[in-house]
Amino acid sequence: MDHFDSPAFTRAAAHLAELGVNSTSWTNIVVAAEALERGLTVRRSRTQPRMVIEHRGTVKTWAGGSTDHNADLAKRIAAQKDVASRLLRNQRIGAPENSIFGPEETSRAWSWSEPFERTVIKPANGKQGREVHVGLETEEQFREAFRRVGSVTERVLVEEFRPGVEHRCLIVDGVLQAATLRRPGSVLGDGRSTVEQLVAAKNASRGRYHRKLPLDEQVDAHLARAQHRRDTVPTEGERVFLHAVSNIRTGGDAIDATDHVSAEERAAIEKAARALPGMRIGGLDVILPRREGDHQEPSVIELNASPG
């Protein structure tokens, strides 16, 4: 069941819709399809609109990526990005240093971040890559990003930026099951088309899983930093990135990279997963070194106890 148009997924989505459970969530569909194929009972919770899976007296609930397989403590720790990072660092597991500031503490935050070559600014409780600003180098960039994030949250997280390639690593009972390389939204030049035309062509060919690439003010600003515009014609084979953030919900690409994780990286990722008590199913966002100049050890930038 590795194709999103497979009959198994179609049947699962129809079953969820009949139950009155969210049938547009890909996580729900994939989990339900696998459960049904194994002969498990998939029904709706008696108290809320979420999926329940039953087998031989064992009952587990699912709602997107949220599941009661994980302990409440694991969920609470994972939701606090600064706490999770400190937990990992205290156990000598690679994770960037970070701290939380109020919206009016721009100058104090800038002073705190000065030892780092580059920084990341994002909401402390943010989700789905919204208002995440990475690779900030100048005070001007820092202050503008801090202002934007501070306008949407009372808790602004400032973090050391570690260069590398982001991977989402799926962990089940402490064992790495899959790794997905997450590439920021981009287009590949053909020597003839503008960036805007390449975006339109890529959007037209995208499947149901990948989100369409946006063209907005943030994309324009990112293009400008690379001396590009919407009407730029990239050379053939040139990859032009539209975002610095590698999130699927902002148009990023998900590429299976399970076989490219080394034994040493796998051991480090699994150690990080075991550091969070009570997390049986989790998604770790990990920076892995893949290019010259990358940080030379795996760095866990986020723990997700509800991986959707």
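Reader: Which residues does Leu303 touch, not counting residues up to four places away in sequence?

Author: Leu303 is in contact (heavy atoms within 4.5 Å) with Ala78, Ala84, Leu88, Leu276, Gly283 and Leu284, if residues up to four places away in sequence are not counted. Please note that this is a predicted model: local features need pLDDT of at least 70, side-chain atom pairs count only at pLDDT 80 or more, and totals for chains, interfaces and linings use all residues. Residues are numbered from 1 along each chain as its sequence is written, and side-chain values use heavy atoms, with hydrogens and water left out.

Reader: Which residues touch the most other members of the largest nonpolar core?

Author: They are Leu88, Ile269, Leu284 and Leu303, in a core of 24 residues. A nonpolar core here is a set of buried Ala, Val, Leu, Ile, Met, Phe, Trp, Tyr and Cys residues joined through side-chain atoms within 4.5 Å. Buried means under 20% relative accessible area, exposed over 50%, and partly exposed in between, with a 1.4 Å probe and protein chains only.

Reader: Turning to charges, how many salt bridges does the structure hold?

Author: The structure holds 24 salt bridges, each being a side-chain nitrogen of Lys or Arg within 4 Å of a carboxyl oxygen of Asp or Glu. Lys81, Lys122, Glu159 and Glu302 are linked in a network of such bridges.

Reader: What is the distance between the closest N and O atoms of Glu302 and Lys81?

Author: The closest N and O atoms of this salt bridge are 4.0 Å apart. The bridge links distant parts of the chain, with Glu302 in strand E15 (residues 299-304) and Lys81 in helix H4 (residues 81-90), 221 residues apart. Lys81 counts as buried because its relative accessibility is 11%.

Reader: Where does Lys122 lie, and what about its bridge to Glu302?

Author: The side chains of Lys122 and Glu302 meet in a salt bridge at 3.6 Å, N to O. Lys122 lies in strand E6 (residues 119-123) and Glu302 in strand E15, so the pair ties together parts that are 180 residues apart in sequence. Lys122 also counts as buried, at 8% relative accessibility.

Reader: Which residue forms a salt bridge with Asp253?

Author: Arg183 does, with the closest N and O atoms 3.2 Å apart. This pair too links distant parts of the chain, Arg183 being in strand E10 (residues 175-183) and Asp253 in strand E13 (residues 253-256), 70 residues apart.

Reader: New topic: what is the order of the open sheet of four strands?

Author: The order is E1-E2-E3-E4, with antiparallel pairing; two strands pair if DSSP finds at least two bridges between them. Strand E1 (41-44) and E4 stand at the edges with a single partner strand each, so one side of each is left without a neighbour in the sheet. Five bridges join strand E2 (residues 51-55) to strand E3 (residues 58-63), and Ile53 stands opposite Lys60 in E3.

Reader: Which helix lies across E1, E2 and E3?

Author: Helix H2 (residues 26-37) does, running at about 20 degrees to E2. Axes are lines fitted to C-alpha atoms, for helices over the stretch in contact, and angles run from 0 to 180 degrees between N-to-C directions.

Reader: What is phi of Asp173, and where is that residue?

Author: Phi of Asp173 is near 50 degrees, a positive value in a residue other than glycine. Most residues other than glycine have a negative phi. Asp173 lies in the loop between strand E9 (165-172) and E10, and Asp173 counts as partly exposed, at 46% relative accessibility.

Reader: Finally, where in the protein is confidence lowest, and where highest?

Author: Confidence is lowest in strand E4 (residues 66-67), at a mean of 87, and highest in helix H5 (residues 106-113), at 98. The protein averages a pLDDT of 91, and 96% of the residues score at least 70; pLDDT is the predictor's confidence in each residue, from 0 to 100.

Methods. Helices (H or I, at least four residues) and strands (E, at least two) are DSSP runs, numbered from the N terminus.
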